[in-house]
Amino acid sequence: MAISRGRAVAICLLLVLAGAADPGHSREDRAWPVKEKLVGKDGGKSKDISGIACSTAAGFPRSCLVIDDDMQAAQFVTLQDGELIAGKTIELIDNTFEGEPLELDGEGVAFANGFYYVIGSHGHPRDKKHKLDPKKHANEIKKRISASSQVVRFPATTDGTPAGVIERTDKLRNVLASSPMLAPSLDKRLEENGLTIEGIAIKNDGTLLAGLRGPVLSNERAVVIPIPVEALFNGSFKAAEPFRLSLGKGRGVRDLASFEDSILILAGPMADGAGVYAIFSWDGVSENVTLLAELTSFDAERKPEALLPLDRSPAGLRVLVLFDGEKEGAPTPVTVPYR
């Protein structure tokens, strides 16, 4: 049946209004394609993308680095406005147990002052089916925790070419173990309010921020640890008091990203399973955060895992969200209000 021109215009207007009715963010819910292949643990397409950062903060194309938490390596990508092009991998660690490689369990990526940084979870191995017996597999658990308790960095040019030696440090683990607030959660399973890191950002003053998925203190305060990045790699230091941020009941940090003079926080449930994710803005100095958007247009079963600022316009701040458990992260642009 033919539709009159006037009716077609009315239908289009209703669709536009329906898309604008969600005040949280625009409904840009179509994933960008990934050319070539983001590599996963078994050589297939990755389903565990957990972090992304780029060597330049604006414009396209950008050279970026992504991490899959089941890998020892990270992978370079070229970011175009509308697609990702997968490139070469770079080996970050070489830990093994009984001849088998152990993953870094890399959960966050940052770029600052010419260096890429990748942070391991520093947590108990994920073991949903409880196949790891704490006594029988004690040595394996210890080795896997050791492999994930590293921060790795290497210098790179703005076009993504590695430019020097890979450095690794395990000093952050000493900070966690010496904190009365965090030590009781160290080496515990996530479902037992165990400690696990899932975000990293570097402030303009050289402070590394490590964002924790768990523990969530009093079920309502997420923890971010500030550390002088150069001292972490090259000296001794006294850790500052952790930040305790109110991101919502049961929510921890799922990713951190620097944007201009602020830090963006991707927040989500500490526990596995469905939940509401959100994006916050934070000054990185106080414990005051600003909610930018609840990510309510995504299916509740989806798990946003990585966040990358793209650009801002009168419509707001456009960010790229990547998802855990989806092929190559299903990179999806989202626009959120931003003052």
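This briefing walks through selected features of the structure, topic by topic. The model is predicted. A search of the whole structure finds one disulfide. The largest nonpolar core has 25 residues.

**The disulfide**

- Cys 54 and Cys 64 form the link, with their sulfur atoms 2.0 Å apart.
- The pair joins distant parts of the chain, 10 residues apart.
- Cys 54 lies in strand β2 (residues 49-54), and Cys 64 lies in strand β3 (residues 62-68).
- The link of Cys 54 and Cys 64 is right-handed, with 85° about the S-S bond.
- Both Cys 54 and Cys 64 are buried.

**The largest nonpolar core**

- In soluble globular proteins, nonpolar side chains tend to be buried together.
- The residues with the most contacts inside the core of 25 are Tyr 117, Leu 172, Leu 176, Ile 197, Leu 208 and Ile 225.
- Ile 225 shows how parts of the chain meet: leaving aside neighbours within four places in sequence, Ile 225 is in contact with Val 175, Leu 176, Leu 182, Leu 208, Leu 209, Ala 210 and Leu 212.

- Strand β12 (residues 196-202) has seven of its seven residues buried, so β12 is largely enclosed by the rest of the structure.
- Strands β12 and β13 (residues 207-214) run antiparallel and are joined by six bridges.
- Ile 200 stands opposite Ala 210 in β13.
- Four residues lie between β12 and β13 in this hairpin.
- Gly 206, in the turn, has a positive phi of about 90°.

**Ile 141 in helix α2**

- Ile 141 sits in helix α2 (residues 138-148).
- The relative accessible area of Ile 141 is 9%, under the 20% cut-off, so Ile 141 is buried.
- Beyond its neighbours within four places in sequence, Ile 141 is in contact with His 124, Pro 125, Leu 132, Asp 133 and Pro 134.
- His 124 is 17 residues from Ile 141 in sequence, and their C-alpha atoms are 7.2 Å apart.

- Strands of a sheet pair through backbone hydrogen bonds, either parallel or antiparallel.
- Eight bridges pair β16 with strand β17 (residues 262-269) in the antiparallel sense.
- Leu 264 in β17 is the bridge partner of Ala 257.

- Strand β21 (residues 316-324) pairs with β22 over five bridges in the antiparallel sense.
- Val 319 stands opposite Val 334 in β22.

Notes
Residues are numbered from 1 along each chain as its sequence is written. This is a predicted model: local features need pLDDT of at least 70, side-chain atom pairs count only at pLDDT 80 or more; totals for chains, interfaces and linings use all residues. Side-chain values use heavy atoms; hydrogens and water are left out. Helices (H or I, at least four residues) and strands (E, at least two) are DSSP runs, numbered from the N terminus. Buried means under 20% relative accessible area, exposed over 50%, partly exposed in between (1.4 Å probe, protein chains only). Contact means heavy atoms within 4.5 Å. A disulfide is a pair of cysteine sulfur atoms within 2.5 Å. Two strands pair if DSSP finds at least two bridges between them. A nonpolar core is a set of buried Ala, Val, Leu, Ile, Met, Phe, Trp, Tyr and Cys residues joined through side-chain atoms within 4.5 Å.
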